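Look at the structure below before reading on. The paragraphs that follow go from a domain to a helix, and then to a single residue.

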There are 2 protein chains.
Amino acid sequence: MSSESAHGRQVNFGPGPAALPTSVLEEASKGILNFQGTGIGISEISHRSKEFVAYLENLKSLIREQLDVPESHAIMFTQGGGSAQFSAVAMNMLSRYRLLHPNAKAEDIKMDYVVTGRWSEKAAEEARRLGGGSVNVVVDSRKYSATGKLFDNIPPHEKSVYNFSPDPALICYCENETVDGVEFSHEPTSPAAFPFDLLPDAKLLPLVADYSSSFMCRTIPRLADHAIIFAGAQKNVGPAGLTILIVRKDCIVDVDAAVKFGASPVPLTLSYKTLFDTNSLYNTPPVFSMYVTGLVLEHLKALGGMPYFEELNRKKFTAVYEVVKKGAQQGTFQLKVKEGSESWMNVVFDIPDEAAKKRFLDDAKKNGLLNLAGHRLVGGIRVSLYNAITLEQTLQLVDYCNKFLEDELKSKAQ
Amino acid sequence: MSSESAHGRQVNFGPGPAALPTSVLEEASKGILNFQGTGIGISEISHRSKEFVAYLENLKSLIREQLDVPESHAIMFTQGGGSAQFSAVAMNMLSRYRLLHPNAKAEDIKMDYVVTGRWSEKAAEEARRLGGGSVNVVVDSRKYSATGKLFDNIPPHEKSVYNFSPDPALICYCENETVDGVEFSHEPTSPAAFPFDLLPDAKLLPLVADYSSSFMCRTIPRLADHAIIFAGAQKNVGPAGLTILIVRKDCIVDVDAAVKFGASPVPLTLSYKTLFDTNSLYNTPPVFSMYVTGLVLEHLKALGGMPYFEELNRKKFTAVYEVVKKGAQQGTFQLKVKEGSESWMNVVFDIPDEAAKKRFLDDAKKNGLLNLAGHRLVGGIRVSLYNAITLEQTLQLVDYCNKFLEDELKSKAQ
């Protein structure tokens with residue numbers, strides 16, 4: 001097994017910033033010196049130049065086409081990642097609610113949060129900090145774990161479990177929990193699917209999804225029913241510093257007009273209306289990150305778009321999960337996520353024997369397989385399988401795991 | 001005169017995103033594939049990896065050393081550019097004021113803005129939008145222009161002109177107005193110097209400076225007296241997407257504690273305390289922009305740091321300004337900024353004859369001298385002379401201007 005590829009690159013299973021396709025980076029290494037023959041590098045070009053504005057329009061088209069985003073929804077770009085969106089989502093949706101219900105009292109306004117891991121928990125915390133309504137935890141998945149303390153599952157798909165408010169300002173969930181390795185299933189009949197059928201009745205659902213770590217790794221179920229989908233670029237589609245937004249147009253509201261009905265003023269760079277009215281060019285955008293993201297999206301399209309990546313990512317996940325389950329049966333590995341709730345993008349498991357875990361990580365590194373340690377809050381092992389990880393690289397890891405499991409068995413037998 | 005250099009690069013006099021040193025971009029084009037021999041490209045590396053954290057520490061040192069930032073001030077990094085800082089500055093400083101004056105009423109809290117161009121005007125507008133205090137326009141420089149409507153000057157250095165509040169929550173100014181080409185002089189005795197001597201008495205001045213377009217082009221006068229200095233990277237030091245902050249530590253306050261005294265909650269990614277407590281790693285930072293900024297700062301240091309660039313930028317500005325004045329005497333060019341108030345970084349002038357202006361811009365482009373058109377709000381010509389523009393490139397432009405002026409004279413004489 002060769003650990004070396006072009007440019008001395010190793011295999012990076014890190015959780016984000018994450019691996020990008022080598023061919024894209026080769027192209028970017030030219031564009032950084034001279035973008036499209038303009039004589040100016042991409043990091044140096046005006047965001048208002050005709051070349052860049054055309055690039056931006058194409059970037060939007062690449063997302064719209066591949067995810068089948070309807071015209072009811074705008075595609076916008078900003079900075080600050082998911083964390084800034086935790087604030088922006090609450091502030092914009094509270095402003096929208098105030099405009100729809102000018103006489104509402106703050107204490108009667110509900111912000112619904114589905115909590116299935118560290119990121120959705122953080123989102124709920126930020127809504128609580130910002131106030132302007134009260135946070136209703138629709139469900140906390142820890143209640144459904146064996147110990148009552150672990151984010152290890154998607155809660156049972158039952159009306160008595162998901163406590164939605166009748167008319168909330170927003171309903172927020174995190175599609176894939178990167179730290180915990182828990183994800184809603186995309187099989188509509190799976191008990192771990194997002195409970196679309198249990199949502200309150202509303203023509204324009206205030207449904208918000210954090211897709212930061214699963215954006216464009218496959219199609220988005222019921223995309224058109226969402227009010228807002230947001231994602232940091234740095235997992236599946238580009239370098240850190242870029243946030244992608246898909247916002248239904250009724251959620252792009254005049255935040256200043258909402259102030260007289262009791263909404264808090266929204267910092268201008270967090271207002272969706274500012275972004276929409278200026279085609280995401282209110283202030284200087286993260287030009288380089290947008291450029292590389294454009295290259296990645298062209299690359300995804302050329303390979304076959306979402307159907308291709310859904311199939312590829314299924315194969316990758318299945319191959320890794322198979323060896324993880326085998327390791328668990330043998331007693332070397334330990335599963336950490338309930339069956340059916342596992343993330344395709346972040347396979348999280350443990351190696352309870354500390355010496356064995358160290359061997360696993362150290363030898364992986366020697367074999368050019370990097371960044372397999374779990375998140376600092378949960379420990380263990382995490383294999384991130386974002387789009388840029390190839391099937392070949394995945395099978396390299398599977399081979400490595402198989403060999404590691406064999407060696408462990410042998411050493412125990414001695 | 002050759003317009004072609006390595007990689008087909010042209011001379012980019014654009015106002016930002018702006019030119020970066022070719023040698024830096026050559027290095028970056030390697031780092032994007034493999035950062036420091038890690039086998040992982042810089043856009044793909046974890047912001048919590050030991051390699052990146054070391055890089056971040058060095059980045060801080062490069063700023064601290066070269067600008068002589070005292071230990072009383074923290075150096076931090078964030079996203080969102082100057083526009084996000086317009087909000088952050090007001091929100092953090094209002095929180096600080098509330099903690100210092102728990103019984104203050106909103107209407108008694110003053111936010112002082114020195115308005116000398118489009119950017120300081122925008123900053124004041126954002127403070128007005130966010131509320132929490134009333135904006136006091138210390139001075140509006142348009143009052144001191146010939147027409148009463150132009151941002152073409154630094155106002156007279158007199159107590160009767162600068163109407164500072166006795167105890168404001170903040171005093172904000174923009175050191176260099178990129179659009180209008182107006183800048184405070186760095187000669188302490190110049191009438192266009194910032195009026196430090198007229199500021200209210202305070203041991204810990206709440207003085208905030210927007211250095212977005214003049215950061216690290218020379219030393220910062222009285223840096224240690226500032227509460228906050230902020231700058232987008234995309235002019236003098238790096239690619240767009242990165243904001244650099246120098247914040248005196250008494251201005252890093254517990255914004256949540258200030259809420260009970262009447263302050264508005266601050267979105268977490270805009271809170272200086274969040275950034276400080278996490279070493280700017282609360283959320284994923286714009287890793288690539290930080291990397292290139294690090295390379296640029298190493299490059300500045302290697303060439304001789306701020307003394308070298310002060311001298312270089314003085315020469316560049318002087319050479320361009322000389323030919324602009326010559327053109328004005330000849331009647332071809334028109335000066336737009338009052339003598340002594342001119343920006344070193346953005347030389348703004350006009351060519352009143354529209355046909356001549358078109359010829360000037362078109363022929364410049366043919367000669368590989370790009371992006372000389374003025375800002376869309378003011379028109380005319382703007383020559384941005386950020387650090388990466390070399391003296392040789394500046395003299396290329398000066399030669400071009402001299403030739404253009406000769407040709408205009410000749411064609412008039414015919």
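Which residues of chain A does UniProt list for "domain: Aminotransferase class V"? The unreviewed entry gives residues 12-393 of chain A; UniProt positions follow the numbering used here, feature names are shortened, and annotations may be inferred rather than shown by experiment. This is a predicted model, in which local features need pLDDT of at least 70, side-chain atom pairs count only at pLDDT 80 or more, and totals for chains, interfaces and linings use all residues. Residues are numbered from 1 along each chain as its sequence is written, chains are lettered from A and ligands numbered from 1 in the order in which they are written, and side-chain values use heavy atoms, leaving out hydrogens and water.

Over residues 12-393, chain A is 34% helix and 15% strand. Helices (H or I, at least four residues) and strands (E, at least two) are DSSP runs, numbered from the N terminus.

Helix α7 of chain A covers residues 287-303. Of its 17 residues, 12 are buried, meaning under 20% relative accessible area (1.4 Å probe, protein chains only). Among them are V287(A), F288(A) and L300(A). The cover over these buried residues includes α1 (22-31) and α8 (305-329) of chain A, and also α7 (287-303) of chain B. Just after α7(A), G304(A) has a positive phi of about 130°.

H226(A) sits in the loop between β8 (207-210) and β9 (228-232) of chain A. Is H226(A) buried or exposed? H226(A) is buried, at a relative accessible area of 0%. Beyond its neighbours within four places in sequence, H226(A) has contacts (heavy atoms within 4.5 Å) that include H73(A), F196(A) and R248(A).

Definitions and conventions: The expected span of a helix is 1.5 Å times one less than its number of residues. Buried means under 20% relative accessible area, exposed over 50%, partly exposed in between (1.4 Å probe, protein chains only).
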